Amino acid sequence: MGIKAKLGRVLPDSLYLKLQYKNIMGRQLDLKNPKTFNEKLQWLKIYDHDSRYIQYVDKYEVKNIVYQKIGKQYIIPTLGVWDKVEDIDFSILPKQFVLKCTHDSGGVIVCRDKEKLDVETVRKKLKKSLKNNYYWGVREWPYKKVRPRIIAEEYKADKNDGLVDYKLFCFGGKVDNIMVVRGRANGKPLFYHFNKEWELCRFNRLTRSLPEGYVEEKPLFIDEMINIAEKLSEGFIHVRIDLYECDGRIYFGEYTLYNQSGWETGFDDYSDGYLGSLIDLPKKNSRR
């Protein structure tokens, strides 16, 4: 571990986040009177410590929570769960599958053809992920206590061999807008924000560059997604509910408590301010 990493581990969350915020966002973090979306997410990291969040960010445990709230039909089936890489029997996995760690973020392995899979490389990546505690880099406190495991899930893809992400931004249990992510399969994702009526919201630099009057037809399944997200986000100050649509079916992705960990450089000042105004922070002495 380098000197910088070691230093980061001895700093309290508030000081660490102030330093990172200044470095990434280019301005001071105001925790006494936070107003923007990014500032309020940092505040929530420090002061909103609901113990239930640990299960919500656990990629295995959350499935049972979602099952209880909206039903089994929205859950991507689990093929296996293991504590150690050595326990994975690749011979029993299907031709296509997805591997991920329960406590990590971003370390997903998508296998589209097992015959072409470099198993040793996969094992090395998973071993590294199992040792990583995501909390230290971003101070998203729920991840600090998640049990490190590996899960395999069924592979899902649409006719274009990919999935479109629908990320529903919820405030006080209500959806305000939906971020659609297209183009992940070719490595050039595009981000579009729409309101519940499927009108384009100018919430990031990419969508703001689109022509005035840009419109597209509202997908038939969006109202069902909104209904799902509002059920799943009930009781949350703010959460992003990530869903997928594949061959006419909706699947749950994950709960995201801190969009871009509160370091969203893609939002301009208007977007950051508007979304921040939707977060109603509790008093610090009323934490759950």
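Biologist: What makes the approach of the Trp-198 side chain to the side chain of Glu-216 a polar contact?

Modeller: The side chain of Trp-198 comes to 3.3 Å from the side chain of Glu-216, and a polar contact is a pair of N or O atoms within 3.5 Å (within protein, one must be able to donate a hydrogen and the other to accept it, and residues adjacent in sequence count only if both atoms are side-chain atoms). The Trp-198 side chain also reaches the backbone oxygen of Glu-217, at 3.5 Å. This is a predicted model, in which local features need pLDDT of at least 70 and side-chain atom pairs count only at pLDDT 80 or more, while totals for chains, interfaces and linings use all residues. Residues are numbered from 1 along each chain as its sequence is written, and side-chain values use heavy atoms, with hydrogens and water left out.

Biologist: Where is Pro-219, and what is the case for calling it buried or exposed?

Modeller: Pro-219 is found in the loop between helix H8 (205-208) and H9, and its relative accessible area of 18% makes it buried. Pro-219 and Trp-198 are 21 residues apart in sequence, yet their C-alpha atoms are 8.5 Å apart in space.

Biologist: How do you know that E6 and E7 pair?

Modeller: Two strands pair if DSSP finds at least two bridges between them, and strand E6 (residues 174-182) and strand E7 (residues 190-195) have six, in the antiparallel sense. Val-180 stands opposite Tyr-192 in E7. Both strands belong to an open, antiparallel sheet of six, ordered E8-E7-E6-E5-E9-E10.

Biologist: What makes E8 and E10 edge strands?

Modeller: Strand E8 (200-201) and strand E10 (249-256) each pair on one side only.

Biologist: Why are H5 and H9 described as they are, in angle and in hand?

Modeller: Helix H5 (residues 61-70) and helix H9 (residues 222-232) pack at an angle of about 115°, with their axes 10 Å apart. The two are therefore roughly perpendicular, the class for 65 to 115 degrees (under 35 is roughly parallel, over 145 roughly antiparallel, the rest oblique). Their crossing is right-handed. Val-66, Lys-69 and Ile-70 in H5 meet Ile-228, Lys-231 and Leu-232 in H9.

Biologist: What makes strand E4 mostly covered, and which strands does E4 join?

Modeller: Four of the five residues in E4 (residues 150-154) are buried. Four bridges join E4 to strand E1 (residues 78-82) and five join E4 to strand E2 (residues 97-101), in each case antiparallel. Ala-152 stands opposite Gly-80 and is also the bridge partner of Leu-99.

Terms used. Axes are lines fitted to C-alpha atoms, for helices over the stretch in contact, and angles run from 0 to 180 degrees between N-to-C directions. A crossing is left-handed if the near helix is turned anticlockwise from the far one by less than a right angle, and right-handed if clockwise. Contact means heavy atoms within 4.5 Å. Buried means under 20% relative accessible area, exposed over 50%, partly exposed in between (1.4 Å probe, protein chains only).
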